[in-house]
Amino acid sequence: MIEIAIDGTAASGKGTLAKKLSLKYKFPYLDTGLMYRMVAYDLIYQKKKYSSNLELESCKTAKKIDFQQSENIQLRSEEIAELASKIASFPDLREILNSQQIEFAKKNKKKYGGCILDGRDIGTKILPNANFKFFINASVEIRAKRRLLEKNISFLHENDEKCMLQSLIIEINKRDVSDVKRKVSPLVPAEDAFIIDTSLIDANELLSIVTNIIEGSSKKSD
Ligand code: CDP
């Protein structure tokens, strides 16, 4: 049974890689960042973003959510990402989401022979014995450009585009710093992770590097 753990910085291409691997190997894939985003979204919707006990509210909210994943463009906003990163530092909330992530891995390994999870602490905390661990990074300028392209906005003026790119660079940087510096499950590569910089390669080149590692590896599945 194969576990593939993918971690990395914001907008580094880990989600795209996870989806492509899931299609290639027919293993279910879980975007764990989306779970934090779903909790953040519900907190905003319930007007609890500024609650004096945000940790408690986050936990109550998480317990009510059905984490079946579906693509929802609203979840991808930077406002949601910022709150997701803030609540991701709450240990009690992480415990609730961690157990769902571990359960997902267990269930799908049994049913499909493998699973793929992406996030910040997959190789270090959720799947410490994963067969393959990847840590994906790229320069912040490249990541901001990719995120801007994903938003699919047509700009009337070049200056508006530059302005939006600049604010994305600031937001992504801020989130990386808080993800790296938090005490609980900080964003850090697992010691046995393959670290890949995607600044100069596209999604298909990344897929090919990763599949070469997986298929050329002498690591045995259990
Ligand atoms: O897509 P992007 O890389 O920008 O972010 P994401 O994967 O959707 O994650 C949003 C936020 O959730 C991150 O900035 C982290 O703070 C948090 N997160 C986490 O702490 N642990 C995870 N396993 C996944 C996400």
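A residue is buried under 20% relative accessible area, exposed over 50% and partly exposed in between, with a 1.4 Å probe and protein chains only as the basis. By that scale Lys26 is exposed, at 61% relative accessible area. This is a predicted model: local features need pLDDT of at least 70, side-chain atom pairs count only at pLDDT 80 or more, and totals for chains, interfaces and linings use all residues. Residues are numbered from 1 along each chain as its sequence is written, and side-chain values use heavy atoms, with hydrogens and water left out.

**Overall fold**

- The protein chain has nine helices and five strands. Helices (H or I, at least four residues) and strands (E, at least two) are DSSP runs, numbered from the N terminus.
- The order along the sequence is β-α-β-α-α-α-α-β-α-β-α-α-β-α.
- The radius of gyration is 17 Å, close to the 17 Å that the globule rule gives for 222 residues, so the protein chain is as compact as a globular protein of that length. The radius is taken over C-alpha atoms, and the rule is 2.2 Å times the number of residues to the power 0.38.
- The C-alpha trace spans about 50 × 45 × 30 Å along its principal axes.
- Of the contacts with a separation of 6 or more, 80% join residues 24 or more positions apart. Contact means heavy atoms within 4.5 Å.

**Surface and charge**

- Of the 222 residues, 48% count as buried.
- The accessible surface comes to about 12100 Å², and 54% of it belongs to carbon and sulfur atoms. Areas come from the Shrake-Rupley method with a 1.4 Å probe; for residues, only the protein chains shown count as cover.
- The chain carries 36 positive and 31 negative charges, whose mean positions are 4 Å apart. Lys and Arg count as positive and Asp and Glu as negative, while His and the chain ends are not counted. Each charge is placed at NZ of Lys, CZ of Arg, CG of Asp or CD of Glu.

**Strand β4 and its partners**

- Strand β4 covers residues 132–137, and five of its six residues are buried.
- β4 pairs with β1 (residues 2–8) in the parallel sense, over five bridges. Two strands pair if DSSP finds at least two bridges between them.
- Phe132 in β4 is the bridge partner of Ile4.
- β4 also runs parallel to β5 (residues 194–197), joined by four bridges. Here Phe135 stands opposite Ile195 in β5.

**Glu3 in β1**

- Glu3 lies in strand β1. Glu3 is buried, at 9% relative accessible area.
- Leaving out residues up to four places away in sequence, Glu3 touches Lys109, Cys115, Leu127, Asn129, Ala130, Asn131 and Phe132.

**Positive phi in two loops**

- Most residues other than glycine have a negative phi.
- Lys26 is not a glycine, yet has a positive phi of about 60°. Lys26 sits in the loop between α1 (14–25) and β2 (29–31).
- Ser185 is not a glycine either, and has a positive phi of about 45°. The loop that holds Ser185 runs between α8 (158–181) and β5.
- Ser185 is buried, with a relative accessible area of 14%.

**Gly33 in α2**

- Gly33 is part of helix α2 (residues 32–45). Gly33 counts as partly exposed, at 22% relative accessibility.
- From Gly33 to Leu200 is 167 residues in sequence and 24 Å in space, C-alpha to C-alpha.
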